[in-house]
Amino acid sequence: RCKNVSVSFWNSYWMLPSDVCGKNCFWEAAFRYNYMKTHPSEKMHLAVVACGERLEETVTMLRSAIIFSIKPLQFHIFAEDQLHESFKNILDGFTNEGKVNYTLYPITFPTESAAEWKKLFKPCASQRLFLPLILKNVDSLLYVDTDVLFLRPVDDIWSFLGKFNSTQIAAMAPEHEEPRIGWYNRFARHPYYGVTGINSGVMLMNMTRIRRKYFKNDMTPVRLQWGEILMPLLKKYKLNITWGDQDLLNIMFFHNPESLYVFPCQWNYRPDHCIYGSNCKEAEEEGIFILHGNRGVYHDDKQPTFRAVYEAIKNYSFGDDLVHSLLQPLELELRKTTHTYCGRVYQVFVKQLTKSVRDLYARRSKGR
């Protein structure tokens, strides 16, 4: 898969150089193949929390997950009640695209502290903290923010579950690659993981392990389980946290660093990776795997590179030719963004996406 394979219905313009996968391509591809081979019928569980004006953004994220994924997908969508009917009307059409099922859930918090959790950071954001307690029958889960876009199969990030060692319960990417522009290491008034903290917008969880684990903490010498530690953490740090639930996760993994698997930055690529100059070297080598358009960059003109990718996926219709309906128009739009720092490295926005399209057509040609 890492070599330049000729596909008859593609013109040479869309073929990738032989080193597109980067230096670790062979071994990572072999690992993913072996994991999928030993977990052939495994359903991938993906969760998202949507409130306010996030319907379109969430649907676009789900669309990106469907386009390239191989194994069955189960969506767990936590949304405000007034959004449920709209989600149902749209997603009922998505299920015809193949291996896709969904369940809609209301936004729920522990009764005795619901008001505090609701007003923490953005509306509904802290819902993600309670997923292990709500989805009791789900063994593993990929949580993503609504402003995430998959540029390669969900299967590939899902396969990292097989890389967890015996102590790891979750995986996230660093908040920053460059400490000089890091937020946590410059401004945080609470403990945080590692050098620059972690970003919870893409979070892979072994929820069985999370539910079983007893966490070290700075509140009591007694270790506490997930459901026991959340409210005490909020009470202790609520005057010192800025980013809500993400800060609480940073505190937890500061005290339990052995429990976290850290993704490279191309699995959670955000504007901070390019707005001051490119600082995600893995994306430069292999392209962006998951795009995270935080700070509303899909909906304003501040980062047109991010917006171009979002608009391309939002406007793509299932069944259309991906080369002519997605890739070619997207590259034309990206070329218009070279006046920005992110636009100067626009190739990283299409490098993996192009490979994902090529791989998809290769699978189809083999009758998969």
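This is a predicted model: local features need pLDDT of at least 70, side-chain atom pairs count only at pLDDT 80 or more; totals for chains, interfaces and linings use all residues.
Me: How many of the residues of β4 are buried?
Reply: Five of the five, so β4 is largely enclosed by the rest of the structure.

Me: Which strands pair with β4?
Reply: β1 runs parallel to β4, joined by two bridges. β7 runs antiparallel to β4, joined by five bridges. Two strands pair if DSSP finds at least two bridges between them.

Me: Which residues are bridge partners there?
Reply: Ala47 has Tyr143 in β4 as its partner. Leu142 has Leu204 in β7.

Me: New topic. Which residues touch the most others in the largest nonpolar core?
Reply: Trp117, Leu131, Leu141, Met205, Leu230, Leu248 and Phe253, out of 42 residues in that core. A nonpolar core is a set of buried Ala, Val, Leu, Ile, Met, Phe, Trp, Tyr and Cys residues joined through side-chain atoms within 4.5 Å.

Me: Which element supplies the largest share of this core?
Reply: α9, with seven residues. Elements that each supply at least two residues include β4 (140-144), β7 (198-206) and α9 (226-237).

Me: What else is there apart from that core?
Reply: Another core, of 38 residues, lies apart from it, and Val48, Leu62, Ile66 and Val144 are among its members.

Me: What is Trp117 in contact with?
Reply: Leaving aside neighbours within four places in sequence, its contacts include Phe109, Pro110, Leu230, Met231, Leu234 and Leu248. Contact means heavy atoms within 4.5 Å.

Me: Now disulfides. How many are there?
Reply: A search of the whole structure finds three. A disulfide is a pair of cysteine sulfur atoms within 2.5 Å.

Me: Where are Cys51 and Cys124?
Reply: Cys51 is in the loop between β1 and α2, and Cys124 is in the loop between α4 and α5 (131-134), 73 residues apart. Their disulfide has an S to S distance of 1.9 Å. The torsion about the S-S bond is about -95 degrees, so this disulfide is left-handed. Cys51 and Cys124 are both buried.

Me: And what about Cys274 and Cys342?
Reply: A disulfide joins Cys274 to Cys342, S to S 2.0 Å. Cys274 lies in the loop between β8 and α11 and Cys342 in helix α14 (residues 341-344), so the pair ties together parts that are 68 residues apart in sequence. This link is right-handed, with 85 degrees about the S-S bond.

Me: What about Cys265 and Cys280?
Reply: Cys265 and Cys280 form a disulfide with sulfur atoms 2.0 Å apart. The link of Cys265 and Cys280 is right-handed too, with 95 degrees about the S-S bond.

Me: Next, how many salt bridges does the count come to?
Reply: The count comes to 19 salt bridges. A salt bridge is a side-chain nitrogen of Lys or Arg within 4 Å of a carboxyl oxygen of Asp or Glu.

Me: Which residues are linked in a network of salt bridges?
Reply: Glu56, Asp301, Arg307, Glu311 and Lys314. Within it, Glu56 and Lys314 have their closest N and O atoms 3.9 Å apart. Glu56 lies in helix α2 (residues 55-68) and Lys314 in helix α12 (residues 304-315), so the pair ties together parts that are 258 residues apart in sequence.

Me: Are Asp156 and Arg152 buried or exposed?
Reply: Asp156 is buried at 6% relative accessible area. Arg152 is buried at 6% as well. Their side chains meet in a salt bridge, 2.9 Å from N to O.

How values were computed. Residues are numbered from 1 along each chain as its sequence is written. Side-chain values use heavy atoms; hydrogens and water are left out. Helices (H or I, at least four residues) and strands (E, at least two) are DSSP runs, numbered from the N terminus. Buried means under 20% relative accessible area, exposed over 50%, partly exposed in between (1.4 Å probe, protein chains only).
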